[in-house]
Structures are given as structure tokens and as C-alpha cells.
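Please keep the sequence and the structure in view while reading.

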Amino acid sequence: MADTNAGLKPHLIKLTDDEFNTLTSFVKGRYGIDLTQKRTLIEGRLTHDLRSRGINSFQEYLKVLNNDTSGTEITNLLNRLTTNLSYFMRENEHFDFMTKTILPEWERTKKVKDLRIWSAGCSAGQEAYTTQMVIHDYFGPKKSAWDTTILATDISMKALNKAREGIYALDDIKDIPTVWKSKYFVQAPNGLQVCDKIRKEVVFRTFNLMDSFSFKKPFDLIFCRNVMIYFDVATKKELVKKFYDWLAPGGYFFISHSESLNGLGSQFKYVHPAIYQKQV
């Protein structure tokens, strides 16, 4: 007789109310990510991984999570529960605004040719690399006079490893200008790789946005797009204030078009859809 169970997915490991509350409180307390509406997603995305490791309940898993001192378990958990979706030229209006407004303004007013840009929640690096390509295109031969190193941070080591490698499938770069493909990419196995001169000007770091911010200097531009969707209102308010404090006067703050600063008590001046500025 044929095995009627062949090919069937394993039954989900269900969360008890206590386990669910403990797990979501743990993730929110440490990373600000609100998973209180994601019970089914948690069960669905973790069941196969837990069963493959001989873990048959979330009670067992919580013990493993709490006893891990290497950070590996929480990293794996975040990789599975958050979506590191990004692509080149995403929300291209931001890059148009950079080219037409911000970069000419900086070129006119910056006495020290040093631009400080932070891509917060950089995922697999497309946002930071796109920004660097826009800068190189704008300045052209004058680029060598400017320091435009971009800080790109994320909590996902998996995303950061891909970002540092800088190799993308052809489908992933379908939206970039054709000339960029020959100007800023080189052939690589299974796709194209961002060229050295662009990659060396993006510094990728692990960073938890819930930690206190401590940098050498304030930033001229901060991207935080499609990140705050994971946070509740109180966490967003706190985070937006930290971003505001670490922007230089006149600096710009980009969020995604699906997000808003309304109701967050922000001191930012609205400039354009999803673009805000810290007033001088």
C-alpha cells in the first residue's frame, strides 16, 4: 500500500498562549519588532526548523534561545521571521530628489567635502549601493574630491553577508539603468557583482536600532525605509527621535511611501512624500 503521508508537510508545532507571549515579548524587548499579530507566521516558519533539530515544542525552543550566548539562535530566528525584501532603485523618487535637490545643495554649501549617509535596515545592500551609484553619477570626475562612504546596517547577518558579497541575479537588477550594468557591475557566477569602487565605499555593520546610538559625527542623510512597519507606535516614536538627534541641521530623513511620521510627535519638517528634513 502506498504511504498516504508521503510528501505531506509536518503538523505545525503550536504555541501556547504563555509561549507566544514570552517569545513576542523577548523579540520586542530586544529588537523592537512587534510580532503580536504574527502567531500563525511564527508557527509556520519555525516548525520545520525545530523538528529538523529534534525540538518538539516552543517551550524547549525558548530554553535553547535563552541559553544561547553566541547570538546564533536569535539571528536565525530574526532571519526567519523578518522579510529582507529590497531591490535596486526602490522608491526611485528618493533618488531623483537626491540628484535634483540634495546633491546640488551639498555641492554648493559643504565646506568640507564629506557626506555622511546611513542606510538603516539595509537588507541585502541594494539601497546603499543604489545611493552610491547615484552619487558617483552626479559628481562624475569630481567624485574623487569627496568622501561619501555610506554606513549600512542591519540585524540580519544573512542579509549582510549577501550585501558584502554584492552579487545579484540578473532579475534583481532589471530595474537599474542599462548604462549602470556596464559602469558599476562586473560579471560573476550566477549574475553580476557590484564593482570594487562602489563596494569599497559602503561599510556594512550589524546594528540593532533599539540600542543607543553612538557615532563620531551626525549624519547628512538617513534612510530608514520599510523598517518601522515592524514596530509599534511607542517604539517608532523613540526611534524617530533618535534619528532626529543624530541628523545634522539641514539633514534629510527618508522613510518609505507606505509609512508616515504622523502621530509620532516628530520635529521633522515635511519636504516631499516620505522625505523629511531637520531644520537649521
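In what follows, contact means that heavy atoms lie within 4.5 Å. The model is a predicted one, and its values are computed from the atoms of that prediction.

**Overall layout**

The protein contains 10 helices and 10 strands, and its C-alpha trace spans about 75 × 45 × 35 Å along the principal axes. Of the 280 residues in the protein, 49% are buried. Among the contacts with a separation of 6 or more, 74% are between residues 24 or more positions apart.

**The α1 and α4 pair**

Helix α1 (residues 17-31) and helix α4 (residues 72-81) have axes that come within 12 Å and cross at roughly 100°. Angles of 65 to 115 degrees count as roughly perpendicular, and α1 and α4 are therefore roughly perpendicular to each other. On the α1 side, Leu23, Phe26, Val27, Arg30 and Tyr31 take part in the contact, and they meet Ile74, Leu77 and Leu78 of α4. By class, the residues of this contact of α1 with α4 comprise 7 nonpolar, no polar and 1 charged.

**Nonpolar cores**

The largest nonpolar core has 48 residues, of which Trp118, Phe243 and Phe253 touch the most other members. At least two residues of this core come from each of α1, α2 (39-52), α3 (58-67), α4, β1 (117-120), β7 (219-223), α10 (233-245) and β8 (247-254), and the largest share, 5 residues, is supplied by α1. Apart from this core lies another, of 37 residues, which includes Met133, Tyr168, Ile173 and Ile176. Leaving out residues up to four places away in sequence, phenylalanine 253 touches Ile222, Cys224, Met228, Phe243, Leu247, Leu261, Phe268, Ala274, Ile275 and Tyr276.

**Cysteines**

How many disulfides does the count come to? With a disulfide taken as a pair of cysteine sulfur atoms within 2.5 Å, the count comes to 0 disulfides. Cysteine 122 is in no disulfide, and the nearest cysteine sulfur, in cysteine 224, is 11 Å away. For cysteine 195, the closest cysteine sulfur is that of cysteine 122, at 18 Å, which is too far for a bond. Cysteine 122 is buried, and cysteine 195 is buried as well; their values are set out below.

| Cysteine 122 | Cysteine 224, 11 Å | 1% |

Note on methods:
Residues numbered from 1 in each chain as written. Predicted model: local features only at pLDDT ≥ 70, side-chain atom pairs only at ≥ 80, totals over all residues. Heavy atoms only, no water. Buried < 20%, exposed > 50% of the residue type's maximum accessible area, 1.4 Å probe, protein only. Axes fitted to C-alpha atoms, helices over the stretch in contact; angles between N-to-C directions. Helix = DSSP H or I, 4+ residues; strand = E, 2+ residues; numbered from the N terminus. Parallel < 35°, antiparallel > 145°, perpendicular 65-115°, else oblique. Nonpolar A, V, L, I, M, F, W, Y, C, P; charged D, E, K, R; others polar. Core = buried A, V, L, I, M, F, W, Y, C linked by side-chain atoms within 4.5 Å.
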